[in-house]
Amino acid sequence: MYNRLLFSPTSRLRLLTALSFVLSFSSFSVIAQTSNNMKLWYKQPATKWTEALPIGNGRIGAMIFGNPSDELLQLNESSFWSGGPARTNVNLNGPAALAATRKALLPNEDYAEANKQVKGLQGLYTQSYMPLADLKLKQELGNSSYENYTRDLSIDKSISSVMFTVDGVTYKREMIASFPAKAIIVHLTASKPGKISFKTALTSQVRYTVAADGSDGLLLKAKAPAQVDPNYIGYNKEPIKYDDSTNCRGMRAAVQVKAITKGGKTNADDTGLSVTGADEVTLYICAATSFNSFDQCPVKNGKDELSLCNNMMQTASRTGWSALVAAHTTDYAKYFNRLKFSLAGSDAAGEQLPTNERLLAFSTGAKDPGFETLFYQYGRYLLISSSRPGGPAANLQGIWNKELRAPWSSNYTININTQMNYWPAAISNLEEMEYPLFDLIKNLSVTGVVTAKQYYNMRGWVAHHNTDIWASSNAVGDMGKGDPLWANWYMAAPWLSRHLFEHYRFTQDKQFLKNAYPIMKGAAEFLSDFLVTDKNGYLVTAPSFSPENDYIDDKGKHANTSIATTMDMSIIRDHFRNCIEAAKALNTDPQFVKLLEGKMAKLYPLHIGKKGNLQEWYKDWEDVDPHHRHVSHLFGLHPGREITPLLTPDFANAARKTLELRGDAGTGWSLAWKINFWARLLDGNHAYKLERDLMRDLSVSKGGGLYANLFDAHPPFQIDGNFGATSGMTEMLLQSHLDELHLLPALPDAWATGKISGLKARGAFTVDMDWKDKQLVSATITSVKGSKCVVRTSAPVSVKGINVKSVQSAQSGYLTTFATKPGGVYVLTIK
Ligand code: FUC
């Protein structure tokens with residue numbers, strides 16, 4: 001989709017596809033991952049959006065309600081956003097505001113004044129992700145009521161279906177969002193000929209027209225608003241504005257629907273598309289927008305959405321249902337089937353329950369490990385369905401959004417949420433799905449240079465709390481109206497850049513790192529300009545925030561603008577270390593390495609507070625909300641690698657204390673982060689407790705939980721909780737952030753016996769494991785690049801065909817080190 005893809009996926013895709021066949025899963029006998037368990041299913045149609053089932057091909061998505069006579073497919077297209085390219089020269093007082101803020105902070109420590117001044121660094125809000133259209137399908141079924149109703153979503157095949165019987169006729173609708181066909185396809189059948197009659201209507205919440213397309217189909221032309229205010233501001237009379245001039249705000253979109261039938265008649269006119277008396281119908285849905293890159297005017301330099309859409313329709317509608325399904329499932333399975341996971345104790349009982357009842361039973365204590373593996377894999381399903389190479393990154397709702405003013409604009413919140421979306425990508429063997437994030441980072445590194453210069457007069461690039469498809473990089477808040485608590489946080493560039501370096505660590509792809517290094521360096525340059533020296537000679541950030549928490553200052557006042565929060569300093573240490581390692585791996589930039597090493601030594605360090613916790617702030621202040629959902633000061637524990645029970649036990653204990661003081665409650669994504677934290681603390685049972693807390697039906701949970709369609713609830717729906725949970729469950733089974741493969745580091749009692757294959761570890765390894773009664777039985781490690789392999793296990797191991805020695809570790813378990821060959825397969829067994 002983007003013209004200037006930095007991280008071209010094609011060659012890596014081919015290699016990985018080849019590898020995924022080599023790594024086929026052979027001896028899967030303990031407990032089968034039955035395909036029936038890879039299903040969400042229900043006995044009644046959805047009445048709410050959070051009961052509807054999501055399908056997506058990364059770009060176009062639908063929420064399927066499954067009503068027999070009134071089907072609704074609520075459609076989205078991932079590039080359909082309000083607004084246009086990010087505005088520059090909006091606020092030219094930034095450098096003066098920064099100087100005033102710093103004057104208040106250093107040396108006066110007048111936090112209230114700093115809080116006022118820092119607002120001068122704010123710019124405009126981001127734009128919003130838009131709903132595209134509603135496709136309604138009124139099926140004629142006579143007056144009898146329906147029976148034998150089911151609807152489902154097979155996440156191993158990526159097919160959703162609806163089935164019911166009326167007057168002895170069984171009707172079926174099957175739906176896919178196909179990546180190869182670039183279309184959503186609905187296939188309607190009936191058990192008796194001539195029984196399919198329906199009328200479709202296409203509508204939209206944005207400005208639109210709809211008419212027959214001249215070739216038996218319907219065409220909807222839509223126009224996005226020029227401006228949509230976030231749902232949390234209410235002071236503008238007109239929160240949604242359109243602009244019909246040729247100016248650059250408000251992209252166009254097209255949606256086309258066409259029916260190909262066996263038997264019966266089709267008619268398309270301006271009121272809709274109707275089919276009468278058909279035996280079988282294939283309905284094709286295509287969509288495109290005029291979006292043409294983050295920095296291009298989507299109006300006058302926009303893509304020709306009509307011909308794009310029409311071309312997609314021409315190609316897709318030439319292919320019949322069975323060939324479409326075959327191509328779709330092959331394409332999808334090549335990613336999904338790379339990883340299999342099952343746990344003992346999964347009897348069929350859970351699978352017999354409709355998913356909403358299964359969720360409720362699980363929420364109230366049922367043992368159902370099959371439900372956990374289903375939920376785990378659902379995270380992978382959602383990632384494959386919402387983030388494909390070449391398209392935009394998955395936003396707060398992936399690609400599924402029904403509202404014009406969705407919660408938090410359904411944008412990219414980059415102080416945790418967008419990053420969390422991508423935590424499971426590499427480890428759960430879906431590395432390509434992260435390319436859209438890399439493209440977003442690349443775009444931000446372009447707009448972020450302008451923001452760094454205009455607002456801070458500094459080098460490098462900077463990004464703040466929010467961004468959008470236009471890669472807005474300024475602090476939001478509408479020129480001083482936002483609370484600095486969230487609006488002014490500016491550490492997204494280094495945090496996002498760690499995803500680039502982590503990709504290298506997982507794949508050992510030097511060419512990728514070479515492309516990524518200038519971006520990483522740009523983020524470090526901004527930080528290096530930004531750091532100032534405090535009265536004790538430490539390098540500190542000022543202003544500084546700990547998202548989105550506040551503290552009680554020395555004068556007893558609530559404040560949030562501070563100096564050198566733990567999160568800032570942890571992110572900087574992490575990023576400088578990553579840059580140094582990257583430069584050394586590339587054998588480049590020795591001067592810059594020296595500069596960063598010099599600064600590293602002077603950074604304000606971690607502190608343990610009076611309660612034994614990891615201090616969040618510059619001083620040991622109390623939190624205003626001690627149970628706040630963000631636990632940003634534990635960045636070094638996860639996703640970072642600074643704090644670990646193995647190497648920094650004192651800080652790890654302080655992190656544990658922090659989590660205990662914060663408590664287990666939280667929003668959906670907060671619970672998900674805590675699974676990852678507890679896994680990194682090597683406490684599997686506590687991680688498991690958080691996993692169960694997150695997997696509660698909302699009627700049982702008081703905070704975060706799950707909706708009937710297993711979408712994670714903040715509440716409201718936010719997809720990061722799904723992705724963060726899949727990541728956390730992986731961290732319970734395998735960790736490699738310390739450059740060793742720690743097998744089963746945080747296995748909970750509830751997962752005593754199980755099997756997983758296709759996990760990925762840093763160093764470019766693929767790992768399969770099976771375990772029994774909480775002990776590893778065997779592991780198969782496939783080395784992609786031939787890196788040295790260090791394995792940590794709870795008991796000594798032998799490696800088939802080579803001589804190894806397991807050495808007892810001073811910290812925990814045994815370390816076994818061996819050289820590997822590219823493509824080499826190493827089978828480990830417990831001695
Ligand atoms: C951050 C969080 C909120 C929410 C929003 C999208 O601001 O603090 O809880 O997740 O992002």
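R498, E502, R505, D574, D739 and R762 are joined up in a network of salt bridges. This comes from a predicted model, and across the structure there are 43 salt bridges.

Take R252 and E305 to begin with: their side chains meet in a salt bridge with an N to O distance of 3.0 Å. R252 sits in strand β15 (residues 252–262) and E305 in helix α4 (residues 305–316), so this contact ties together parts that are 53 residues apart in sequence. On the accessibility side, R252 comes out as partly exposed at 26%, while E305 is down at 6% and counts as buried, given that the cut-off for buried is under 20%.

Then there is the bridge between E581 and R641, where the closest N and O atoms are 3.2 Å apart. E581 belongs to helix α15 (residues 566–586), whereas R641 is in the loop between β26 (622–623) and α17 (649–662), so here the pair links parts that are 60 residues apart in sequence. E581 is partly exposed, with a relative accessible area of 29%, and R641 is buried at 5%.

The remaining pair stays inside one helix. D331 and K334 form a salt bridge whose closest N and O atoms are 3.4 Å apart. The two are three residues apart in helix α5 (residues 321–336), which means that about one helical turn separates them. D331 is buried, at 9% relative accessible area, and K334 is partly exposed, at 24%.

Moving on to the ligand, the residues surrounding it are L396, W408, T413, N417, H465, E548, R629, H630, W669, H714 and Q718. Sorted by class, that shell comprises three nonpolar, six polar and two charged residues. Several side chains put polar atoms within reach of ligand oxygen atoms. For H630, a polar side-chain atom lies 2.6 Å from an oxygen atom of the ligand. In the case of R629, an N or O atom of the side chain is 2.8 Å from a ligand oxygen, and for N417 the corresponding distance from a polar side-chain atom to a ligand oxygen is 3.2 Å. As for cover, the ligand taken alone exposes 290 Å², and the protein buries 98% of that area.

A cis peptide bond joins H714 to P715, with omega at about -15°. P715 itself is in the loop between β28 (712–713) and α20 (720–731). Another cis peptide bond connects A542 and P543, this one with omega at about 0°, and P543 is located in the loop between β23 (539–540) and β24 (551–552).

Positive phi values away from glycine are also on show. N587 is not a glycine, yet its phi is about 55°. N587 is placed in the loop between α15 and α16 (590–602), and its relative accessible area of 72% makes it exposed. L710 also has a positive phi, near 65°, in a residue other than glycine. This leucine lies in the loop between β27 (705–706) and β28; at 0% relative accessibility, L710 counts as buried.

Finally, the strands around β8. Eight of the 10 residues of strand β8 (residues 169–178) are buried, so β8 is largely enclosed by the rest of the structure. Strand β7 (residues 159–166) pairs with β8 in the antiparallel sense over seven bridges, with T165 standing opposite T170 in β8. The hairpin of β7 and β8 has two residues between the strands, and in it D167 adopts a positive phi near 50°. β8 also pairs with strand β9 (residues 183–190), again in the antiparallel sense, over eight bridges. Within that pairing, A177 has I184 of β9 as its bridge partner. Here the hairpin has four residues between the strands, and K182 takes a positive phi near 55°.

Definitions and conventions: Residues are numbered from 1 along each chain as its sequence is written. This is a predicted model: local features need pLDDT of at least 70, side-chain atom pairs count only at pLDDT 80 or more; totals for chains, interfaces and linings use all residues. Side-chain values use heavy atoms; hydrogens and water are left out. Buried means under 20% relative accessible area, exposed over 50%, partly exposed in between (1.4 Å probe, protein chains only). Two strands pair if DSSP finds at least two bridges between them. A salt bridge is a side-chain nitrogen of Lys or Arg within 4 Å of a carboxyl oxygen of Asp or Glu. A residue is near a molecule or strand if one of its heavy atoms lies within 4 Å of it. A polar contact is a pair of N or O atoms within 3.5 Å; within protein, one must be able to donate a hydrogen and the other to accept it, and residues adjacent in sequence count only if both atoms are side-chain atoms. Accessible areas come from the Shrake-Rupley method with a 1.4 Å probe; for residues, only the protein chains shown count as cover. Ala, Val, Leu, Ile, Met, Phe, Trp, Tyr, Cys and Pro count as nonpolar, Asp, Glu, Lys and Arg as charged, and the others, Gly among them, as polar.
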